[in-house]
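This report looks at surface patches and ring contacts in the structure shown below.

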Amino acid sequence: MDNELTIGVRGKIYSSIFDFNSTKNQGTFITKEGVNNIYSSTIEADMQLRTSGLDGLKDASDDGTLGSTITKRAFFGGNLGVGVDLGFTYQLSNQLVFTGSLLDLGFIYHTKDIKNYTLNGKATIEGIEIILPDAAADPNEDFWQELVDDVEGFVPFNDNTNSYVAFRPTKLYSSLRYNFGEHVDNRANCACGVNASSNRARAKYVNSAGGQLYVINRPRGPQVALSGFYQRRFGNFMSVKTTYTIDKFSYSNVGLGVSIQAGPVNMYAMADNLLSYGNLADSNYASFQLGLNIISWGKK
């Protein structure tokens with residue numbers, strides 16, 4: 001827009017390898033005094049599990065074609081969707097920068113290899129009812145199976161192949177960054193930050209420090225995290241960034257990111273919650289990402 005404000009938009013095409021999700025489920029199981037027995041139990045359920053791609057992967061594994069199937073789906077052979085990223089950078093002063101972005105505003109439409117499962121209904125039972133002497137007339141009668149059949153009739157478990165839309169977990173970032181230290185040669189016109197966009201006025205200093213607010217939309221409500229970071233640039237080709245994050249899962253989330261710029265190609269790797277990698281089973285959350293961007297500059 002101008003020397004102080006930069007606005008960016010990026011379109012995305014998603015290709016899903018497989019998906020399973022189960023959200024907004026409800027259910028209760030209540031036991032109280034019965035009328036015809038000591039106790040009565042009431043079950044009420046409204047549940048759904050939606051999946052796509054799982055049966056096909058299982059068949060591919062049995063046929064020995066799992067690798068090629070995953071590769072095909074990863075390159076636009078799976079269920080497709082669209083999305084957009086929005087962002088801006090505002091130069092408050094020569095060294096102080098404010099940024100904001102909204103990522104993964106989009107969805108995937110699942111139409112291939114669908115298998116959904118539902119459990120919906122309500123039933124109240126008071127155990128197995130045996131009426132004598134009538135019950136003794138048929139010694140082969142299975143009272144337990146009759147009870148199971150009754151419950152399944154009132155709370156049926158079904159499956160279907162209906163298509164569905166899965167929205168992406170939209171993420172909001174906002175940061176305030178202070179740049180300091182020696183000046184970086186700006187000939188390559190590159191900010192060289194982890195996941196940073198290019199701008200010829202943004203890569204003046206080798207050091208940066210600041211804070212970042214992160215919000216991600218989840219089915220049960222947004223999750224918020226607050227981070228402090230330090231970033232070090234090595235010329236115009238490499239940048240390393242370390243972070244410390246506080247969220248509801250952890251007060252000891254240390255992350256690390258590396259970005260390499262080779263002409264128009266930007267490659268990056270990021271990992272967080274590094275202290276949990278020694279025991280992932282005991283970790284609430286950990287992630288590792290690899291990425292590649294092709295950046296096109298305008299005329300200088």
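## Nonpolar surface patch

In this predicted model, a nonpolar patch on the surface is formed by Ile7, Val9, Leu86, Phe88, Tyr90, Leu92, Phe98, Leu105 and Leu176, which together have about 770 Å² of accessible area. Three strands, β1 (5-16), β5 (79-91) and β6 (96-110), each supply at least two residues of the nonpolar patch, and β5 gives the most, with 3 residues.

Ile7, one of the members of the patch, lies in strand β1. Ile7 has a relative accessible area of 49% and is therefore partly exposed, because the exposed class requires a value over 50%.

## Aromatic pairs

The count of aromatic pairs in the model comes to 6. Phe18 and Phe20 form an aromatic pair with 6.3 Å centre to centre and 10° between the planes; this pair counts as stacked because its planes are under 30 degrees apart.

## Charged ends over rings

The ring of Tyr14 has the charged end of Arg168 sitting over it, at 5.1 Å from the ring centre. A further arrangement of this kind involves Arg232, whose charged end sits over the ring of Phe234, 5.6 Å from the centre of that ring.

Terms used. Residues numbered from 1 in each chain as written. Predicted model: local features only at pLDDT ≥ 70, side-chain atom pairs only at ≥ 80, totals over all residues. Heavy atoms only, no water. Phe/Tyr/Trp six-rings, centres within 6.5 Å; stacked < 30°, edge-to-face > 60°. Lys NZ or Arg CZ within 6 Å of the ring centre and 35° of its normal. Patch = residues over 30% accessible without salt bridge, like charges linked within 9 Å, V, L, I, M, F, W, Y side chains within 5 Å. Areas by Shrake-Rupley, 256 points an atom, 1.4 Å probe, with all protein chains shown as cover. Salt bridge = Lys/Arg side-chain N within 4 Å of Asp/Glu carboxyl O. Helix = DSSP H or I, 4+ residues; strand = E, 2+ residues; numbered from the N terminus. Buried < 20%, exposed > 50% of the residue type's maximum accessible area, 1.4 Å probe, protein only.
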